[in-house]
Each structure stands twice: as structure tokens, then as C-alpha cells.
Amino acid sequence: MNIDDIYIGQVYEVKRIVTDEMVKLFAEATGDKNPVHLDEEYAKNTIFGGRIAHGILSLGIISSVLGMEFPGAGTIYLMQNAKFRRPVYIGEEVTVKLIVKEVDREKRRVLLETYVVKENGENAIEGEALVKI
């Protein structure tokens, strides 16, 4: 995407389903095998009442959208802050929502509000990302 096509207030949304396979592959890749992510019997007895995705896996979905869809291929992730508000459950469909806050055409940088929104409309993750195009 060309920096000149990006404007303040622009919104990009895309839906993804967080699958069991994604969680297992993430656990294997990172070594984070916390039973709240992998063991249903264990997770049933936690405050979550069932298995949840890794928070960083959910945040990683934002990274995939930034790098592949909006702004798209070639985008460089410079910064991300995030607040983890709600768990994302295995099999849950989430919406990644990006809102353009600032555009620095000279430095080719874009500041975005970043959200992972649960099926019920609650924010699982709220944050900001700075990217270079």
C-alpha cells in the first residue's frame, strides 16, 4: 500500500478464527506450554473455565494483518503496546480492527490503534502500533 493512500481515521477490519492447531503450534514454537492453553481438564478449573489462546498469539494476529494486508507486504513493525483485557477462547472468531491515528509521510510512518475484538464485542486486546511503510 502506498503511504499516500493512508489517511487519519481510516479503519481496516478482518476476522480470524483462533484454532486449536494455532495454539498448539504457537506453544511448540515458543515453548510456552502453560496448561491453561493446552489442557482442557486443567483449564476448566481456572478463572477462564476452559482453554484460552496465548495473549501473544492473539497479538500476533495483528502482526500478520499489518505485514500482509494493511498496510501490507513490506510493512515494518516498529513498536506495539498492548493491554490484554479479555481471554480469547479456542475456536473463537475475533476481529482485528486497525484505526489510523497519525501519518508521517516524510518518515513513511503510520501510528495505528490496534484491537482484537471478541465475538461478543468486548476488546480482548487494546493497543497502538507504529509501522514504517
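This is a predicted model: local features need pLDDT of at least 70, side-chain atom pairs count only at pLDDT 80 or more; totals for chains, interfaces and linings use all residues.
Five strands form an open sheet in the order β1-β3-β4-β5-β2, and their pairing is antiparallel. The edges are taken by β1 (11–17) and β2 (76–84); each has a single partner strand, so one side of each is left without a neighbour in the sheet. From one strand to the next, the twist averages 20 degrees. In general terms, the strands of a sheet pair through backbone hydrogen bonds, in either a parallel or an antiparallel manner.

Strand β5 takes part in two of the pairings described here. Strand β4 (residues 109–117) runs antiparallel to β5 (residues 123–132), and nine bridges join them. The pairing of β2 with β5 is also antiparallel and extends over eight bridges. The table lists residues that stand opposite each other in these pairings.

| Residue | Opposite residue in β5 |
|---|---|
| Valine 117 | Asparagine 123 |
| Valine 116 | Isoleucine 125 |
| Phenylalanine 84 | Isoleucine 125 |

**Helix α4 and its packing**

Helix α4 (residues 55–68) lies across β1, β2, β3 (93–104), β4 and β5, and runs at about 145 degrees to β2. The helix has 14 residues, and its first and last C-alpha atoms are 20 Å apart, close to the 20 Å expected at 1.5 Å a residue.

The buried residues of α4 are Leu57, Ser58, Leu59, Ile61, Ile62, Val65, Leu66 and Gly67. Their cover includes the strands β1, β2, β3, β4 and β5, together with helix α1 (20–30). An α-helix has 3.6 residues a turn, so residues three or four places apart point the same way.

Helices α1 and α4 pack at an angle of about 105 degrees, and their axes are 10 Å apart. That angle makes α1 roughly perpendicular to α4. On the α1 side the contact is made by Met22, Val23 and Phe26, and on the α4 side by Ile56, Leu57 and Ile61. Among these residues, Leu57 and Ile61 also belong to the buried set of α4.

**Histidine 37**

Histidine 37 is located in helix α2 (residues 35–38). Its relative accessible area is 7%, and because buried means under 20%, the residue counts as buried. A polar atom of the histidine 37 side chain lies 2.8 Å from the backbone oxygen of isoleucine 52. Setting aside residues up to four places away in sequence, histidine 37 touches Val23, Asp32, Arg51, Ile52, Ala53 and His54. One of these, Val23, also takes part in the contact of α1 with α4.

**Glycine 50**

The loop between α3 (40–44) and α4 contains glycine 50. This residue is buried, with a relative accessible area of 6%. When neighbours within four places in sequence are left aside, glycine 50 is in contact with Val36, Glu40, Ala43, Lys44 and Tyr89. Glycine 50 and lysine 15 are separated by 35 residues in sequence, and their C-alpha atoms are 22 Å apart in space.

Terms used
Residues are numbered from 1 along each chain as its sequence is written. Side-chain values use heavy atoms; hydrogens and water are left out. Helices (H or I, at least four residues) and strands (E, at least two) are DSSP runs, numbered from the N terminus. Buried means under 20% relative accessible area, exposed over 50%, partly exposed in between (1.4 Å probe, protein chains only). A polar contact is a pair of N or O atoms within 3.5 Å; within protein, one must be able to donate a hydrogen and the other to accept it, and residues adjacent in sequence count only if both atoms are side-chain atoms. Contact means heavy atoms within 4.5 Å. Two strands pair if DSSP finds at least two bridges between them. Axes are lines fitted to C-alpha atoms, for helices over the stretch in contact, and angles run from 0 to 180 degrees between N-to-C directions. The expected span of a helix is 1.5 Å times one less than its number of residues. Angles under 35 degrees count as roughly parallel, over 145 as roughly antiparallel, 65 to 115 as roughly perpendicular and the rest as oblique.
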